[in-house]
Structure formats: structure tokens, C-alpha cells
Amino acid sequence: MTGPATDEQVPGQQTVVFTSTTGRGRICAMDSAYHVDPSNRGRDVCVNSSYCGVLPARFIAEAAPRGAIGMDCGIGPEGSAIAGLWYLEALDIRAAVADVMSARLGDGVHLYRNGVISFFNQPAADCGVTVGMPVSGAARLMLENDPTPAAAEEITNRTVMRTHTDGRQVIATDSIAFAIAADRGRNVLVTAGHTGRSAVPYLRRASPWGFICSDGGRGMDDSGMAGLFIVEADGLAGATVDATRARMGSGLSHYHDGIISAANAPAAARGVEIGMGCPEAALALLARPDDS
């Protein structure tokens, strides 16, 4: 059971906007990440109307609250305005940011009441946080849930994106290393690592019906996609997406945001073309010759 919002002002320039009646903690709104303090340690979700770069994340991490929600501030070069999400993830602190156009900067209560989530880290995702969710709802999920700890190899984000009439599927997952036996010769895997030569053993072991990975920014001598052509000899149909358009490490971003940058001969024979969106390319790869 949780109690209603009370908007209680507490020391340190924080406003308590929600309190758990079971002792789990509070949701505290504040105008700056600098206002997170030791009273929040291990229990509160701090909704702070700051950007979420590494600098504010250091201050948040020092107080170590249960979770934090800031603002994306236009993302910035190299994702600098949200880089703190992953700084906090490494410390197992759930964190998210809101679209800067959805709430006023420097007004934590306004952020809590009006903000809309744009990005989040894995611990927040494990609590159920999603893009487009109100900040108030995301903060409640982060307060009330304790995800089961998982090893790195268990966090695959494996998601079925499309299913063929014969039951075969397009599956997004974060690495080709996360392929399972059921994918072999059957499914199309959209994964989020580069396709250099070090990926070849994983591609051969997975042996999917088709695959789409990242070109890794191409790299010197197109080394980021070299594996694409090495596995032609194995009959594997594959393509890469432009690393500047889809987030490496996120299979879901590759599926939704990816634009094909290269395709090997077996993939081209199935209709995959450079410039094609990843969903369209994945469906082309999924098809069989006898599909009408």
C-alpha cells in the first residue's frame, strides 16, 4: 500500500510528493541534482530538474538514493546530457530522464507532475519504466519494485518483433552472443554489436536464418562489417545498420532506428538493400523462397 501525494517540504530544498506507507521510501522532487542528500540514501526516488550528465550523476551517486529522474536537455554531443544514466547503472542505481520539452528545467515539482520519460537505464527498465511514460508513474515503479539481480549474460532484452505464418520470428536481442538453439536455421536475429571478424564465431555458432547487426561505425578498412562477408561462405544471410543511427548495445534500437548500411550476397538475394529500414529488411530476410 502507498499513500497519496502530500507535497511536504523537507530540509535540503526537497519536496516530498509521494510517501510509501510500507516504509519503502518517498518520491522527492527537487530543482537540482545538487539537492540530493544523505537522507535519500537507499530509499527515495529523487526527481531532480537537472540534466543527467556524468557531473550531476556523481552527486546523485554520492548520496546513493534508490533512484533518480532528471531531464535529457536535448541529449547533446556524444549523449553528454544523459551519460549519467549509465554512470548510475554501473552503480546499480535506477535512473531515467524526461524530454526537456515536457517540463520546466529547474522546477522539480513541475517535472514530477508533467514530465514524460525519454530515456532510462537498465535498472529502471527492470522496474518497468518505458519511453513515453509520465515521470510520476515511472517514479512510482522505481520506488515500489526491486528487480531480481541478474548476471550480465542474463540481461539480453530478447524481444519478439514479428512472427511469420509458419512460426519463425524476427527477434531483437542485444548481442549475437545471446542467440539460443531455437534460433538456429529458423529466426532472424537483430542484434547490436559490431560485425567485425571477432563476431564470426558467434554468427557461425548461432547460424540463424538471417541476421542484422551494427557496422560499428565501419572502422578502418571497413573492419566493423568484415564478418558480414566472411560468413557468406557459410550461406548466412546478413546485413548491418549504420552505427550513427542506432544505439550499439540495444537490439530494440537497431530494430526501430536502424538503416541498412551493407548487406552480403545471400541477404541481397532476399531483397535487402542499402538504405532500407531495419523492420523492412528483417521481413525480407525472414521470407522463404516459396513465400508468395
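Reader: Does Arg66 count as buried or exposed, and what value decides this?

Author: In this predicted model, Arg66 has a relative accessibility of 13%, and because buried means under 20%, Arg66 counts as buried.

Reader: Which residue does the side chain of Arg66 meet in a salt bridge?

Author: Side chains of opposite charge can pair when their charged atoms come close. Here the side chain of Arg66 meets that of Asp146, at 3.4 Å from N to O. Arg66 is in the loop between helix 1 and strand 5, Asp146 is in the loop between helix 5 and strand 8, and the two are 80 residues apart. Asp146 counts as partly exposed, at 49% relative accessibility.

Reader: What other parts of the chain does a salt bridge of Asp183 tie together?

Author: Asp183 pairs with Arg158, their closest N and O atoms being 2.7 Å apart. Asp183 lies in the loop between strand 9 and strand 10 and Arg158 in the loop between helix 5 and strand 8, so this pair ties together parts 25 residues apart in sequence. Asp183 is buried at 0% relative accessibility, whereas Arg158 is partly exposed at 30%.

Reader: How many salt bridges does the count come to?

Author: The count comes to twelve.

Reader: Let us turn to strands. Which strands pair with strand 12, and in what sense?

Author: Strand 11 runs parallel to strand 12, joined by four bridges; among the partners, Phe211 is bridged to Gly238. Strand 13 pairs with strand 12 in the antiparallel sense over three bridges, and there Val241 stands opposite Ile260.

Definitions and conventions: Residues are numbered from 1 along each chain as its sequence is written. This is a predicted model: local features need pLDDT of at least 70, side-chain atom pairs count only at pLDDT 80 or more; totals for chains, interfaces and linings use all residues. Side-chain values use heavy atoms; hydrogens and water are left out. Two strands pair if DSSP finds at least two bridges between them. A salt bridge is a side-chain nitrogen of Lys or Arg within 4 Å of a carboxyl oxygen of Asp or Glu. Buried means under 20% relative accessible area, exposed over 50%, partly exposed in between (1.4 Å probe, protein chains only).
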